[in-house]
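Reader: Hi! Could you walk me through this one?
Author: Happy to, here it comes.
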Amino acid sequence: MTEASTQQALQNGSAPLPIRQREGVIGAYRTEIAIAIAIVLLALAVGSQVPQALSWGNFANITQAGAPLMIMSLGVLLVVITGGIDLSVGSVFSLTGMVTAQAMAYGFGGVGASLIGLGVGLVFGSINGFLVTIAGLAPFVVTLITFAVAGSLAFIVTNGRSMPIGDPDFWLLNSGSLVPGMPNYILFCLVLLVTIEIFLKKMVAGRWFYAVGSSSAAAFLLGIPVKRTKFLAYVASSLLASFSGLLTISYILNAESTAGSSLMLQAIAAVVIGGASLLGGTGTAVGAALGALMITVIQNGVNLIGINSFWQGSVTGAAILIAVLIDRFSKSRRRAG
Amino acid sequence: MHDRQTFVVTVRGLTKSYGATSVLKGVDFSVARGEVHALLGGNGAGKSTMIRIITGSAAKDGGEIEFRDAAGNLRAEAEGRRTVTVVHQELALLPHLTVAENIVLPRYSSGLSVFDGKRSVQQAYEALGLIDRDFAACSLHRPVGDLSLHEGQMVEIARALSSGAQLILLDEPTANLTAAETERLFSLLRRLARENGLSVVFVSHRMKEIRQIADICTIIRDGRTVVNRVATSSLSDTAIVEKMGQLAAHAPTGTVSGARRSAPDGEALTIREEGLEMMLPPGTILGVAGAPAGPESLISALVGAAQSKRWSVSFSGWPQRFSSPHQAATLGAGFITGDRSQKGVLRSLPIIDNVMASRRVTRGSRLAGGRENAECFDILQALKVKAASLWDLPDTLSGGTQQKLLLARWLGVPSRLLVLEEPTRGVDIGTKKEIYQLIRDMASSGTIIVWWSTENAELLEVCDRVVAFDTEGRCAGIIDREELSEDRLADLTGMAA
């Protein structure tokens with residue numbers, strides 16, 4: 001009876017009065033809608049130069065090529081929300097591919113080899129999480145170390161040679177259709193996107209991610225499990241990087257030690273374009289996914305128009321700058337998604 | 001009220017040392033169900049350490065703690081701790097999350113539960129509405145980072161109220177509140193204590209508030225309990241201060257105006273806004289009273305922190321408006337912020353860098369170190385700051401001592417204007433008197449002081465003149481010392497005290 005002494009008073013006290021309601025879906029997702037519009041405009045601009053850019057075939061190309069980056073970005077987002085950074089995702093991506101291909105060469109089937117590959121993500125995610133939470137090292141330093149180590153292991157596995165995929169059915173992981181009419185890479189993207197978005201928005205543990213990134217000292221005082229939350233973020237990030245590595249080798253049917261080397265910066269770029277702050281506490285899964293999509297559309301456009309592909313980085317840089325400037329000068333403070 | 005008292009928490013012979021310093025040397029403390037209990041003691045007496053041990057965020061070295069439920073049955077320590085909640089002096093807020101989430105999120109103990117947005121808004125509204133219904137109705141979806149310090153304080157208190165705790169420990173909860181909000185908070189706490197058996201422990205250095213709210217008090221001094229559970233009404237102000245070991249400091253500080261009559265001549269600083277002009281001769285102490293909107297605008301204009309066309313100053317060698325705090329500082333306009341934890345103390349820098357920060361700017365120093373060591377040592381001696389080393393981090397000092405570090409930045413610096421925001425927040429009565437004297441000394445050397453305080457009694461004690469702002473942020477009037485009274489201030493600021 002006394003457990004909730006204050007609560008009783010609260011309930012006896014005030015009758016509900018009109019509370020100003022939160023804005024609807026459009027208001028809550030205004031950053032994301034702006035990015036989506038920007039992507040459409042960008043696609044139309046490319047299409048005005050190269051008409052086949054707007055074909056279904058090219059749409060399939062973009063989603064196919066963009067799926068691994070999108071999945072990796074969702075993982076990086078989870079870490080960024082908690083106020084950390086994960087520089088190791090690209091190396092984990094490469095190492096997963098090499099380990100999986102090598103496992104198949106040793107006679108494992110596609111499923112067994114994939115599980116071993118995901119084990120790479122689990123191990124490196126746990127190492128990151130352990131060093132950040134228990135050892136208390138800075139995330140930048142910790143993931144710089146695992147970036148270097150996983151990157152070098154990716155060469156050591158096959159002594160630097162690329163490795164063809166042994167299981168003839170392995171392409172099904174990426175391009176098969178678990179749901180009729182929808183290739184798996186799109187299905188995986190959608191399921192992960194929706195799951196993570198709902199987790200972040202509706203689950204208490206998801207709100208803890210924002211709380212920890214917003215002020216980890218305050219979150220600690222409030223009894224929120226700060227270390228556990230951060231640990232989970234690093235494990236999830238590495239697992240998703242691993243998974244996107246699997247999707248990629250299932251598509252290319254060949255594993256290379258340097259496959260992921262450009263992906264880490266692209267994933268961080270996607271998260272930033274998607275409205276997350278690298279200082280933590282903000283960002284949405286929908287935003288990060290759209291950021292990844294925008295980067296893919298830019299790369300695809302640069303290729304189609306026939307611009308020297310060395311310009312890709314500059315165009316992506318300009319996109320990040322514009323996204324960040326718009327965010328900086330929009331009126332309201334960014335808040336947790 | 002209660003025929004037999006149940007003690008929700010009892011602490012016996014608690015001891016705690018940090019390294020060689022023993023902070024608690026055997027403290028006794030107990031709180032009965034349904035009482036409002038003042039916990040008193042000077043800075044560094046051990047109040048905060050004891051609170052940390054009760055809530056489990058620090059481990060005890062010796063002694064015992066015992067929690068009981070309403071029927072008087074003993075509880076397990078971990079379970080007992082869950083019935084205690086603390087409103088921290090340094091706010092524990094999540095700036096990116098909304099007001100509603102900040103209030104309700106800590107109530108969830110499992111990450112696997114679904115966060116019910118609609119219900120949490122309702123719950124947050126019920127808690128925050130008890131303090132300020134209008135504020136609650138319009139702010140639940142705002143990110144907490146957009147709130148002012150005092151709005152943040154209300155969120156923090158609402159969180160404690162909605163936590164379902166049996167015992168709430170409030171560590172200087174009124175430091176950031178206006179008089180009207182304080183009044184509302186007090187009547188709410190009294191009601192909850194009376195009707196629902198809530199126990200409240202109240203830490204404050206404001207004697208008037210202690211008398212207003214607390215029935216019972218316990219005084220801690222140097223890590224020992226010197227007064228244990230005595231009716232507040234049975235102790236005179238002098239007796240309380242004496243027990244705290246600060247009698248000397250409490251002695252009347254003599255006539256203030258005498259010192260100031262001898263203030264040097266010189267040019268007056270004129271502060272203007274449309275239809276208003278304030279002339280401040282050298283050595284004037286101008287008080288600023290009222291809800292934050294007005295004072296904040298005046299202060300940020302005076303120190304160059306924000307560009308606003310509302311205020312302008314005229315003074316030889318100064319622009320009408322400072323373009324930055326750097327320009328203000330180099331031209332001799334100092335500023336000591338009221339937001340100690342966020343904007344004041346440089347946490348990762350040692351004490352010496354914290355103290356010398358403003359001097360380095362005003363002098364344009366290129367090198368740190370050298371003669372600074374001796375100078376810093378002298379400054380800290382003058383302020384009676386006890387620090388083991390100048391190279392310790394500020395977090396090794398108590399809250400009140402950190403406040404002194406901020407003051408130390410500008411004390412003794414030859415400046416023409418010094419703007420202070422709540423310079424005595426979190427500071428015990430003895431230290432307060434020291435600070436008053438230090439500021440008066442600066443004034444008598446010709447510095448013009450602008451002093452914002454939400455404690456009207458403090459303005460009465462120190463200021464020559466007070467400019468009062470109403471709750472809308474408009475200037476409501478300027479009162480000279482002869483006409484100053486708490487009623488007058490309460491009247492003009494629209495905040496009944």
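Reader: Which domains does the assignment give for chain B?
Author: Domain 1 (7–245) and domain 2 (256–493) of chain B; the bounds come from an automatic or database domain assignment. This is a predicted model, where local features need pLDDT of at least 70, side-chain atom pairs count only at pLDDT 80 or more, and totals for chains, interfaces and linings use all residues. Residues are numbered from 1 along each chain as its sequence is written, while chains are lettered from A and ligands numbered from 1 in the order in which they are written.
Reader: How many residues of domain 1 of chain B are in contact with domain 2 of chain B?
Author: 16 residues of domain 1 of chain B, meeting 21 of domain 2 of chain B; contact means C-beta atoms, placed from the backbone, within 7 Å. The centres of these two domains of chain B, over C-alpha atoms, are 30 Å apart.
Reader: Switching to chain A: how many helices and strands?
Author: Chain A has 15 helices and two strands, taken as DSSP runs numbered from the N terminus (helices: H or I, at least four residues; strands: E, at least two).
Reader: And what are the spans of chain A along its principal axes?
Author: The C-alpha trace of chain A spans about 70 × 50 × 40 Å.
Reader: What share of contacts in chain A joins residues 24 or more positions apart?
Author: Among contacts in chain A with a separation of 6 or more, 77%.
Reader: How much of chain A is buried?
Author: 49% of its 337 residues, where buried means 20 or more other C-beta atoms, placed from the backbone, within 10 Å of the residue's own.

Methods
Two residues are in contact if their C-beta atoms, placed from the backbone, lie within 7 Å. A residue is buried if 20 or more other C-beta atoms lie within 10 Å of its own, exposed if 12 or fewer, and partly exposed in between; C-beta atoms are placed from the backbone.
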